[in-house]
Amino acid sequence: MVGDRMTTIEVAREAGACYGVERALQLAIDAARDAEGPVHTLGPLIHNPVVVSELEAEGVTVVDDPAVGRGATLLLRTHGVTPAVEAAARKSGAAVLDATCPFVKKVHRAIERLAKDGYQPIIVGEAGHPEVEGTLGHAPEALVIGSGADLASVEVGKRVGVVVQTTMAKSVLDEVVVALLGRADEVRVLNTICSATSERQSAAAELAARADVMVVIGGRSSANTTHLAQICADVCASTHHIERADELERAWFEGAQLVGVTAGASTPRSQIDEVVEALGALTGAC
């Protein structure tokens, strides 16, 4: 209860860690337990600093150089890497564990197929994002387009093939495709947005439309979490993106009857439970 009004906390029907993240975390936990030498991840395993810190406490450290050497175990991050980086990791003699999300692998295969079939490959995604960089390794000639407006400054061929960063919002893909239809003779779209991403976005939008306050949990560098936060903010003005429970502020919930909670695909259930428990203590909700 905040003030004299009862507060209800509701978690979105689809929220939190997806299969790819759970798989990667299990690989890391098993490696920390079983490996005799040092265990590393090539870049943060997932975009969640809380989880990365917890893994470090278990002896799984982040490195930027794939050449960790013989005797070490190296996990390739969920976002994937370029073929060249993977080859360098294996050449170093390390035991390489591929924690790349299976849905990201699907994007790699899709863009290779489009390029092979003679389409000009386009990646709808965020330039510089690790997943996009890894995908570019499978089609270096591909264009990276973040919005329909980005097309104004690039040359588009007659036959265009499109893949999508797995965590992009469907609305961005739709916007880019509409813009392409007016410029190319043929546009082949392989919608590689992860189903978990779409499900979380839909559930978050539905809850945010009813909530007085929305709390979105996940790393600030996580693309899927920041998209969730934007989707929620579009329909619920009082939307707050947090990484940790201790970021919650009592003032956010004054007068709120329904507090909605959602979380990105890189947020484990334990992190959601921790925030819900803190919200209960803060608001007096049952």
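**Exercise 1.** In which helix do Asp174 and Lys170 both lie, and how many residues apart are they?

*Solution.* This is a predicted model. Start with the helix. Both residues lie in α6, which covers residues 170–181. Next, take the spacing. Asp174 and Lys170 are four residues apart, about one turn of the helix. Now look at the contact. The two form a salt bridge, with their closest N and O atoms 2.8 Å apart. That is within the 4 Å cut-off.

**Exercise 2.** Classify Asp174 and Lys170 as buried, partly exposed or exposed.

*Solution.* Asp174 has 34% relative accessibility, so Asp174 counts as partly exposed. Lys170 has 39%, so Lys170 counts as partly exposed.

Salt bridges can also share partners. Here they join Glu10, Arg13, Glu206 and Arg210 into one network.

**Exercise 3.** Find which parts the pair Arg188 and Asp117 ties together.

*Solution.* First, the contact. The side chains of Arg188 and Asp117 meet in a salt bridge, 3.6 Å from N to O. Then place each residue. Arg188 lies in strand β9 (residues 186–189). Asp117 lies in the loop between α4 (102–116) and β6 (120–124). So the pair ties together parts that are 71 residues apart in sequence. Last, check accessibility. Arg188, at 29%, is partly exposed. Asp117, at 37%, is partly exposed.

**Exercise 4.** Is Arg33 buried or exposed?

*Solution.* Exposed means over 50%. Arg33 has 58% relative accessibility, so Arg33 counts as exposed. The side chain of Arg33 meets that of Asp34 in a salt bridge of 2.8 Å, N to O.

**Exercise 5.** State how many salt bridges the whole structure holds.

*Solution.* A search of the whole structure finds 13.

Terms used:
Residues numbered from 1 in each chain as written. Predicted model: local features only at pLDDT ≥ 70, side-chain atom pairs only at ≥ 80, totals over all residues. Heavy atoms only, no water. Buried < 20%, exposed > 50% of the residue type's maximum accessible area, 1.4 Å probe, protein only. Helix = DSSP H or I, 4+ residues; strand = E, 2+ residues; numbered from the N terminus.
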